[in-house]
Amino acid sequence: MSEIKVPFFRPSFDDEEKKAVCDVIDSLWLTTGSVTHAFEQEFAAYVGSKHALAVNSNTSGMILAMEACGVRAGKAVITTPYTFVSTAACAVHLGGDVFFADIEKDSYSISPSEIEKILKNDTEHKICAIVPVHVAGNLCDMAKINELAQKYSTPENKIYVIEDAAHSFPCPTANGFAGTLGDVGVFSFYATKTMTTGEGGMLTTNNDALAKRMSQMRLHGMNRDAWDRYTNPKASWEYDIIAPGFKSNLPDILSAIGRVQLKKAKSFDEKRKKIVKIYNEAFKDCDYLTLPPDGEGNSWHLYLLQINPEKLDCDRNTFASELQSLGIGISMHFIALFHFTYWKEKYPDFRAENFPNAERHTANTITLPLYPDMGEEKAKIVIEAVKQVGEKHHGR
């Protein structure tokens, strides 16, 4: 393995995050408390949401959101095969089923027309949620998806829209931030995200009933959290269990990091976009490459570069391996779910040939390094490596 010249990602921390964590330790209150509550309020204000609920991962948040929206045995969600496995797995954890809709030909976003085909065939009204995934921070067609949810809802079976916003912060649009455009938004603060708490996530919603249910279910189904029980004059041992909930709360130590990162979110965003501009300018005339799509509000969490195999004498895996040999830390977003044993065995018709757009993107996409402190020099190293490999195999 060659020396890594440019890592795939590095988080951006300084003494502010360290001090924030030490302040929590000094307070002797480590679990969910006043710092987490402040983080929730600040995040809600940032994205313009009525409610924000901090959780220990996007996955936990997705389970809470789906449960609140009625996903259970006999119900189902529609999502994309072009996502991380947890998006679909959360429905299965709740006993529900998953219908998959292919992505659009020229983007990584779930196709509204494919969603509608599934909804038209749902004569049993199993589907209770659509889960669009804003891959790499480029937003899905939320106006059309919301329209479809409303069109196919019935008095007996409302169809909710749950945004998988793991990649999409901050994504401002004319109609609001990503994560506030559907019924529920679910963010991620994993180590490689645009802002991080190490592990963690946030739920956003303007629906009071959904917020109440998700809040209670994130801590064992209790009607009072620990901060309330130990700071409220009411007896700490008095609480009720309203349902068999989960353990999904975010502790103050991690929220302290999140509050500092949130203040830096705009500068992080600006720095990433400078790197994106350098990449785009460098690659725009390479006929063996296709630049990433760029729509309104794109957070540019990831830079997804496609090779054009008809212009090269190698496949994506060879291209990626040679980049690694040159010291470039790359990744793949995503391996479509129909390539995994579990999903192929669970749904016999879940095959690559039925999802041609997702399969094409899976076969041809490489994720290049992109992070705020990367700087122009490291971006140039990546560019030189991409062009070196590309020119070597160019000429078909």
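## Pockets and sheet in a predicted model

The largest pocket has a lining of 12 nonpolar, 14 polar and three charged residues. Here Ala, Val, Leu, Ile, Met, Phe, Trp, Tyr, Cys and Pro count as nonpolar, Asp, Glu, Lys and Arg as charged, and the others, Gly among them, as polar. This is a predicted model, where local features need pLDDT of at least 70 and side-chain atom pairs pLDDT 80 or more, while totals for chains, interfaces and linings use all residues. Numbering starts from 1 along each chain as its sequence is written, and side-chain values use heavy atoms, without hydrogens and water.

A pocket is an open set of points on a 1 Å grid over the protein atoms alone, where a 1.4 Å probe fits, with protein on both sides within 12 Å along at least five of seven lines; lining residues have an atom within 4 Å of a point. Volume is the space filled by probe spheres set on the points, which are joined across faces, edges and corners.

| Pocket | Volume | Nearest the centre |
|---|---|---|
| Largest | About 570 Å³ | F84, H167, Y190, K193, F334 |

Helices (H or I, at least four residues) and strands (E, at least two) are DSSP runs, numbered from the N terminus.

Now for the sheet: seven strands make an open, mixed one, ordered β1-β9-β8-β5-β4-β2-β3. Strands pair if DSSP finds at least two bridges between them. Since β1 (51–55) and β3 (97–100) are at the edges with a single partner strand each, one side of each has no neighbour in the sheet.
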